Amino acid sequence: MGFYKNIARPLLFRLDPEVAHRLALAAAAKSARAGPRLRNSTSIADERLESTVAGLSFPSPIGLAAGFDKNGVAVDLLAGLGFGSIEIGSVSAEFSAGNPRPRLFRLPEDRAIAVAYGVPNDGAAVVASRLQWTHLAVPLGVNIVKTNLGSGAPPESADEIIADYVASARLLAPIADYLMLNLSCPNTTDGRDFFVDRSHLEACLTALGEIGLTLPVFLKVSPLGGIETVERMLAAADGASFVSGFMFNLPPGKPAGLKTPQDIWRTTPGAVSGPPSRALAEFCIRETWRRMDRDRYAIIGAGGVSSGEDAYRMIKSGASLTQMLTALIYEGPAIVRRATRELLRLMERDGVRRISEAVGAEARQE
Ligand SMILES: Cc1cc2nc3c(=O)[nH]c(=O)nc-3n(C[C@H](O)[C@H](O)[C@H](O)COP(=O)(O)O)c2cc1C
């Protein structure tokens with residue numbers, strides 16, 4: 001962590017967070033060619049970490065979460081950091097400028113980020129064409145979301161909203177190993193949670209079913225509402241055979257117990273990532289794992305994974321795979337290898353021979 005902690009991070013953290021994000025991504029995009037070589041030295045090839053989820057082979061259960069590389073400009077280099085999967089997006093059917101700036105804020109006392117991006121992205125056609133020849137050593141997930149038309153746009157009908165997802169899915173399925181439907185992006189300007197209405201989710205899944213998707217699809221939903229949300233999501237997914245699992249997004253608003261002073265977080269927009277989002281994510285993962293058909297579904301866990309221990313705990317709560325983003329920003333790229341090594345050490349300590357053996361170990365006990 002020496003170079004990142006002592007040189008790169010102090011420089012990046014002097015900049016506006018969005019500018020720092022853009023610079024880091026531009027540097028990663030420029031170094032794309034180095035990705036495969038880098039991967040040879042960073043990735044920890046160990047069959048104990050390998051698993052098959054939704055028919056896809058993951059070399060490690062620690063992946064990159066959506067939001068770092070929204071437009072798929074740097075996937076080669078990011079795969080080179082040693083992640084077990086890369087998820088890009090959120091991508092929407094049309095280009096979106098997202099919310100007005102500023103829209104990204106560091107909360108260093110909590111090692112967290114407040115995110116109010118409002119899903120800016122290049123649009124599905126541009127991203128699909130950018131990635132048409134890309135082949136990574138790890139599964140590539142594409143996270144899709146409804147186009148954010150901005151606060152001045154007229155309200156849209158349910159059919160229009162669903163058509164937006166269908167258009168993205170059609171364009172992006174050919175370049176993806178799996179699709180993640182972001183059903184709860186907390187940062188769209190109208191603030192409505194369209195999919196709280198179960199019939200909307202069912203209608204969306206029916207429409208997606210009609211385009212004959214042949215790749216696994218995951219649903220990324222808001223963790224707000226706890227068990228009720230979990231049960232609604234499971235009921236809606238029941239009839240859609242292409243749904244392979246679930247993930248929980250950041251909840252809107254500010255979680256209790258932030259170390260950041262109240263006068264700062266009260267005036268900061270956005271949802272909070274990093275360690276403050278962990279407890280609710282783990283709760284929802286456990287409650288989903290207990291209720292779901294485990295032969296059919298898998299959970300991808302994210303929210304404050306900053307170490308091998310965090311990833312291990314999330315896996316024992318019921319996640320088959322985990323993802324991180326905020327830790328990459330605070331700890332730098334070496335976090336991927338460090339967390340993966342630590343995960344292996346913990347597995348060794350507990351006599352776990354395959355990571356899949358640990359999935360749900362704690363949810364089962366309680
Ligand atoms: C800067 C930033 C941008 C994000 N953008 C998206 C996004 O576009 N779509 C999405 O589904 N999640 C997005 N997320 C949420 C992450 O994918 C992840 O679910 C969440 O941050 C929890 O993981 P973490 O605590 O390791 O960051 C974003 C998070 C951050 C910090």
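In the predicted model, R198, L201, E202 and L205 of helix α7 meet R232, A235, A236 and A237 of helix α8, a contact being heavy atoms within 4.5 Å. By class, this contact has five nonpolar, no polar and three charged residues; Ala, Val, Leu, Ile, Met, Phe, Trp, Tyr, Cys and Pro count as nonpolar, Asp, Glu, Lys and Arg as charged, and the others, Gly among them, as polar. Helix α7 spans residues 198-209 and helix α8 residues 226-237, and the two pack at an angle of about 35 degrees with their axes 9 Å apart. Axes are lines fitted to C-alpha atoms, for helices over the stretch in contact, and angles run from 0 to 180 degrees between N-to-C directions. The crossing of α7 past α8 is right-handed, a crossing being left-handed if the near helix is turned anticlockwise from the far one by less than a right angle and right-handed if clockwise. Helices (H or I, at least four residues) and strands (E, at least two) are DSSP runs, numbered from the N terminus.

Residues are numbered from 1 along each chain as its sequence is written. As the model is predicted, local features need pLDDT of at least 70 and side-chain atom pairs count only at pLDDT 80 or more, while totals for chains, interfaces and linings use all residues; side-chain values use heavy atoms, with hydrogens and water left out.

Helix α7 also packs with helix α6 (residues 158-172), their axes coming within 9 Å and crossing at roughly 40 degrees. The pair is therefore oblique; angles under 35 degrees count as roughly parallel, over 145 as roughly antiparallel, 65 to 115 as roughly perpendicular and the rest as oblique. α6 passes α7 in a right-handed crossing. On the α6 side, A158, I162, Y165, V166 and A169 meet H200, A203, C204, A207 and L208 of α7. The residues of this contact divide into nine nonpolar, one polar and no charged.

For helices α10 (residues 278-291) and α11 (residues 308-317), the axes come within 8 Å and cross at roughly 30 degrees, which makes α10 roughly parallel to α11. R278, A281, E282, I285, R286 and W289 in α10 meet D310, R313, M314 and S317 in α11. Four nonpolar, one polar and five charged residues form this contact.

In helix α3 (residues 35-42), G35, R39 and T42 are buried. Seen down the axis of α3, these buried residues fall within an arc of 75 degrees, so they line one face of the helix; the arc is that of the directions from the helix axis to the C-beta atoms. P36, R37 and N40, on the other side of α3, are exposed. Buried means under 20% relative accessible area, exposed over 50%, and partly exposed in between (1.4 Å probe, protein chains only). The cover over the buried residues of α3 includes α4 (75-79) and α13 (334-350).

Some backbone features were also found. The peptide bond from G89 to S90 is cis, with omega near 5 degrees, and S90 lies in strand β4 (residues 86-91). Another cis bond runs from R101 to P102, with omega near -5 degrees. A54, although not a glycine, has a positive phi of about 50 degrees, and lies in the loop between β1 (51-53) and β2 (56-58). V119 also has a positive phi, near 45 degrees, and counts as buried at 4% relative accessibility.
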